[in-house]
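I opened the model to look up how its chains meet. My notes are below.

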Number of protein chains: 2
Amino acid sequence: MEEDTGALPRKEDFSRWYNEILWRAEIMDVRYPVKGLYVWYPHGFAVRKRAYGILRDLMDREHEETMFPLLIPETEFMKEATHIKGFEDEVYWVTHGGKNELDVPLALRPTSETAIYPMYSLWIRSHTDLPLKLYQIVNTFRYETKHTRPLIRLREITSFKEAHTVHATREEAAAQVEVALGLYREFYDSLRVPVIVSRRPDWDKFPGADYTIAVDTIMPDGKTLQIGTVHMLGDHFSRTYEITYEDADGEQQYAYQTCYGISERSIAAIISVHGDDKGLVLPPEVAPIQVVIVPIIVGKRRDEVLSAAAALEEELKEAGFVVRLDDRDMRPGAKYYHWEMRGVPLRIEIGPRDIDANTVVAVTRDGQKTKLDRRGVVEGVFSVLAGFREGIWATARQAMADRITVAATLEETAEAVKNGVAVVHWCGSQECAEKIETAVDASILGSDIRSDLITVSDGPCVACGDRGTSTLVARTY
Amino acid sequence: MEEDTGALPRKEDFSRWYNEILWRAEIMDVRYPVKGLYVWYPHGFAVRKRAYGILRDLMDREHEETMFPLLIPETEFMKEATHIKGFEDEVYWVTHGGKNELDVPLALRPTSETAIYPMYSLWIRSHTDLPLKLYQIVNTFRYETKHTRPLIRLREITSFKEAHTVHATREEAAAQVEVALGLYREFYDSLRVPVIVSRRPDWDKFPGADYTIAVDTIMPDGKTLQIGTVHMLGDHFSRTYEITYEDADGEQQYAYQTCYGISERSIAAIISVHGDDKGLVLPPEVAPIQVVIVPIIVGKRRDEVLSAAAALEEELKEAGFVVRLDDRDMRPGAKYYHWEMRGVPLRIEIGPRDIDANTVVAVTRDGQKTKLDRRGVVEGVFSVLAGFREGIWATARQAMADRITVAATLEETAEAVKNGVAVVHWCGSQECAEKIETAVDASILGSDIRSDLITVSDGPCVACGDRGTSTLVARTY
């Protein structure tokens, strides 16, 4: 809406950079008059729409999409003791309709187990109803008392993708956890966001879960951001909500469940991992505009340039690219600034000299300049964008690798977590975890690490010297 | 989830038919433990997704999609007196976060004017920022005390598409009202749902609007269902929320606004207008499955039939149809019942005799049976579906025409509204409106009628005999 031509803070100064890029690149407006609630600008929403389109396609492979109500009656919500304990301080309560006090207060879902599982109990009768795999993309709410931050720590999570599956056996549920992790990896691969997968320590698992495996990325300030979680629920909820099925022998059995979620933190990750000092850098898959054409207009040949630019636009559109011809009456430099800030992957400049030479100039958002033959321009653009995609992937992976340090002592760990993630050996005891966390002012993130950037091993616990296993320690969002 | 093979009530018995088809065709589950809140089954959600995909494409032509928070602080919500008066009995209030009472109660949006317009006030500075045309598809809430009904009268409207536009002049805003009506007509045309457009009487307009033009369809029981509204807001809200712009002469001016919405009543209309005694009838555009292939398996030639069916599935998929091969081990009749209930537009039967004759049998959901040449099957299916689409359109338009009656007296009006909509002359006074409404036990729906099924004229008011204009009277949902 307002145009601004000021400079973005350097990305090194990450917290300020992040706050400023959100409005300069028109992702979110933070001026909504309630703490922790934000407004999606159309450009930000268009990125979100594309990212969730990718996620939906992945989920649709083996889930069905559905939608459950936002409001959960207190009576259902309170049934599962461990679960409610994990959320009771964070739940918003609707207590009045019009001027009437409600008989039963209604919770705004912080997550939907307690809305969905009473229905699963009605739906599931027989082993032939299993497995059941549903997901929904909905708004969820957390009354966050900590410092809120757009896309990262919100009171309304506007885009929570949550999946809930039911299986006949514990083994099948455990296998589904791995399937879900595979889908999440594929999702982040396609966003070119590198991740580390690890199992959360017991005290940090989802309330009511047997275990939680999480997907994290490392932010430019070295803190980790949890951008996906997969929970093995075992038969914990099925016993509370009576989700049973008749097995092949006619016996009633409790079902086993999993649930897993991704929120708009995925958008925060795209912004933070790829962005630079000039603004957003968007992978072509999620860019609302993939190619912007900037005509270089020189006095007399204005009409000729504009019509060449329009013909180019037409040709690229037909080839399936999302293209914008920027023929506004502004100098090219201001247009470059504008589209770089918004992360457009490729800019094509076309001026009189290009027309004469039958070429165009292609500049990727990461600064690679290529002269393309005008005749084979579609193939040229495909190839330049493919190169760009691999380029930002390599850059992001290198940045992550640079922030991972193997540490053998508490001193090395303390040093390592200033820069990013420390990989230490830990014996698994809560006592040592507390020692480590206090000594290095960071958290045990998880064990059972899966990342091709980290080699895991056994070794002496960094706190007690007993046998330990590779574990991530980090400052977290 | 559960399969059921019982019969649907006859559609004549509309209220029972509607309630039953919702679960038999797997649209919604009404057993969620809060009144007025329902669960979308995957099949219902898939219809919703396709219908809203069409709506989105229409809106994207000249609007941008965005998303504003659900929660509106009481302080903003209470600013606009007329508006709040229209909603105060229907608003859900969040009063607590965790165990803390909130300083300012938060309303669950019943509609988003009071969430969006404070931001518009920040965004709009100059005439070059106008027009601004945004929309969002969100959940909204009404504390309905009347009888609730799935998709029709809800406490959580899960799929409210609301657009909010801002213009420099009253004329431009009024023109936008017409643009919006055009988009809504196009939307319902593509769903093959016939509509009547009319201007609501003053006492029935949107709280805070200058005038409201509504889109209605007629349900099988003769009651009208409002399935879209377009509101001319004038400068009413812009004066409250200080939405001003600097015009070309440097003067500050109040902006003019419109807003317009469509909810999941659009899905209720698809179900009710097209459905029949056997179940749903879905236009191909919104059908989650467009073609179901049922192999007719006869003993020895089982493998041959199944492989012919699979080849047919492949060919139709490649041509772009959404196809399901139903090779379950059930008798064909049970499969027909299953897919007819769910509204699949086209069933193709293929058995040994068809293979021998190099044909397939195509049966549309409205019962038209055609033998198609196997070689040209793709063209055949296109043409049969096109015919089906026109067929359900003609049927729906005829059904609407049959329910519209011109009435010259109160007696005729009373008779007409039993069957559907009466078209009467009305002078425009509230006094006569009350007389008419009391006498015929129905409501004045609107004037300024636009429908190619109704010829409008001037004539003596059916209540007082003064000069009146054609007006719709109906029992309404």
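**Strands across the interface**

I started with strand E5 (residues 92-97) of chain A, which pairs antiparallel with strand E5 (residues 92-97) of chain B over five bridges. Strands here are DSSP runs of E, at least two residues, numbered from the N terminus; two of them pair if DSSP finds at least two bridges between them. A:Val94 sits opposite B:Val94 in E5(B).

This is a predicted model: local features need pLDDT of at least 70, side-chain atom pairs need pLDDT 80 or more, and totals for chains, interfaces and linings use all residues. Residues are numbered from 1 along each chain as its sequence is written, chains are lettered from A and ligands numbered from 1 in the order written, and side-chain values use heavy atoms, without hydrogens and water.

**The rest of the contact**

I looked up the contact (heavy atoms within 4.5 Å): 59 residues come from chain A and 59 residues from chain B. I found six salt bridges across the interface (Lys or Arg side-chain nitrogen within 4 Å of an Asp or Glu carboxyl oxygen). B:Asp60 and A:Lys49 form a salt bridge at 3.5 Å, N to O.

**Strand E17 of chain A**

Is E17(A) buried or exposed? Five of five residues in E17(A) (residues 346-350) are buried, meaning under 20% relative accessible area with a 1.4 Å probe, protein chains only. A:Leu346, A:Ile348 and A:Ile350 cover one side, A:Arg347 and A:Glu349 the other. Side chains in a regular strand alternate between the two sheet faces.

I then checked its neighbours. E15(A) (residues 291-295) runs parallel to E17(A), with five bridges. A:Val292 has A:Arg347 as its bridge partner. E18(A) (residues 359-364) runs antiparallel to E17(A), with four bridges. There, A:Arg347 is partnered by A:Val363.

Note on methods:
Buried < 20%, exposed > 50% of the residue type's maximum accessible area, 1.4 Å probe, protein only.
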